[in-house]
Amino acid sequence: MRNRSMDAELRERARQVIPNGMYGHESVRLLPAEFPQFFKSAKGARIRDVDDNEYIDYICAYGPNLFGYGHEAIERAASAQRELGDTMNGPGAPMVEFAEAMVAQITHADWAMFCKNGSDATSMALVVARAYRGKRKILVAKGTYHGAAPWCTPYPGGILPEDRAHIVYFDHNDEQSLADAVRANEGDIAGIIATPFRHEVFADQFEPGADYAATARRLCDEADALLIIDEVRAGFRLARDCSWAKFGIEPDLTCWGKCIANGHPISALLGSEKVRKAATEIFVTGSFWFSAVPMAAGVETLRQIRETGYLERTDAMGQKLRDGLYAQADAHGFSIRQTGPVVMPQVLFDEDPTFKVGYGWTSECLKRGVYIHPYHNMFMSDALTEADMDMTLAATDLAFEALKRNFDTLEVHPILATRLGH
Ligand SMILES: Cc1ncc(COP(=O)(O)O)c(C=O)c1O
């Protein structure tokens, strides 16, 4: 059994001074007991909890660390800027350089605005879309995560119906549902916001059809509304351009965050020329939005994106993990579903309505030093080596074996049991 005493102590102290001891998606309330809440350090594809237990990491801080933690060249760029200054009276030269790099990289984009988190970027996209023609309605696929702002948070606490007064829901990947929503709000549509593919928690991931993407584009053009793609989670993971470039679809606005500066806090809204005027008419800002260090890290991250084979490498590594897990599950008599792109894997077990089997397996992985998530999509790091993958697959194999051995003792997570009514 791994030592977890420091984590336990911090959790106890946190309960006194932090609501619930922790909040948001990085709270481990819904995770199996083996998952640590507090971390000490991270380097490359490895992460260490406060008790010094090391894990090969498949979460990448929920996305941001595409090139691995503490990437040398990116950290060198960040440190050089930190020596000069970070949060100043105005931005440094890296703001312009980062905007130039993003605009050069993303085909549809002619301008960039920076903020801190993905929710800032998606919320800013709504403001720009409404400023564009003075229309109100934003069409959102039901159950899609776009952040934690009042217009989009999945939890109802403290949120008023008025916060979502002009949000219209349609069924994801359903052209008819989208067309119906457009028709019902004719003349008042500011934009449609979509994620590149469906990546929700506790559910199989799936990619949309090219027809759905084309329909979204056409309906926006007919309504003189804006097509907004929320690339916060998937951006640069599937492509070096927009994720829907493969369908030949150019959006009007795209929201970026998470990995664009490899773990440094910055997000972005990119827009095409026709939206530039609307973007000049809104007022958005934040005390830390113009800090220079994350922008310098972003410039170097973009260089890595342009000049390295990270995309091909993470894809190959993701395929190796997927093939390995299918073979192991099969050999141990389990049936699993691995959905979504291999670079952002989601692993769920068949006939596991309470998720207790998946929870049991990921607990066994954690015990063996592999951080695999039971209900959130994961992320492949470019820092993963072949040796890491071999160690991972050795651990996951033992985890399947232990799962089989302990199958009759598996229990539903207490909070999930309440939620699921079990
Ligand atoms: C698709 C998508 N949009 C927006 C967000 C919000 O980003 P942030 O948590 O940085 O505010 C997320 C976060 O997971 C996301 O996955």
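Predicted model: local features only at pLDDT ≥ 70, side-chain atom pairs only at ≥ 80, totals over all residues.

Residue numbers start from 1 along each chain as its sequence is written.

Where they touch, 15 residues of domain 1 are in contact with 13 residues of domain 2; contact means C-beta atoms, placed from the backbone, within 7 Å. On the domain 1 side, α9, β11 (336-339) and β12 (346-349) each give two or more residues. Helices here are DSSP runs of H or I with at least four residues, strands are E runs with at least two, and both are numbered from the N terminus. That side of domain 1 has nine nonpolar, five polar and one charged residues. For the classes, Ala, Val, Leu, Ile, Met, Phe, Trp, Tyr, Cys and Pro are nonpolar, Asp, Glu, Lys and Arg are charged, and the others, Gly among them, are polar.

Now the helix pairs. The axes are lines fitted to C-alpha atoms over the stretch in contact, with angles from 0 to 180 degrees between N-to-C directions.

| Helix pair | Axes come within | Crossing angle |
|---|---|---|
| α9 (310-331) and α11 (386-405) | 10 Å | roughly 25 degrees |
| α5 (175-184) and α6 (210-223) | 10 Å | roughly 10 degrees |

That makes α5 roughly parallel to α6, a label for angles under 35 degrees. Helices α9 and α11 are therefore roughly parallel too.

Which residues do the meeting between α9 and α11? M317, K320, L321, G324, L325, Q328 and A329 in α9 face M389, T392, L393, T396, D397 and F400 in α11. By class, that contact has seven nonpolar, four polar and two charged residues. In the other pair, E175, L178, A179 and V182 of α5 meet D211, Y212, T215, A216, L219 and A223 of α6, giving seven nonpolar, one polar and two charged residues.

Finally, the ligand. Around it are N117, G118, S119, T122, Y145, H146, G147, T195, D230, V232, R233 and G257, each with its backbone-placed C-beta atom within 6 Å. Helix α4 (residues 118-133) supplies the largest share of this shell, three residues. By class, the shell has two nonpolar, eight polar and two charged residues.

Key:
Parallel < 35°, antiparallel > 145°, perpendicular 65-115°, else oblique. Contact = placed C-beta atoms within 7 Å.
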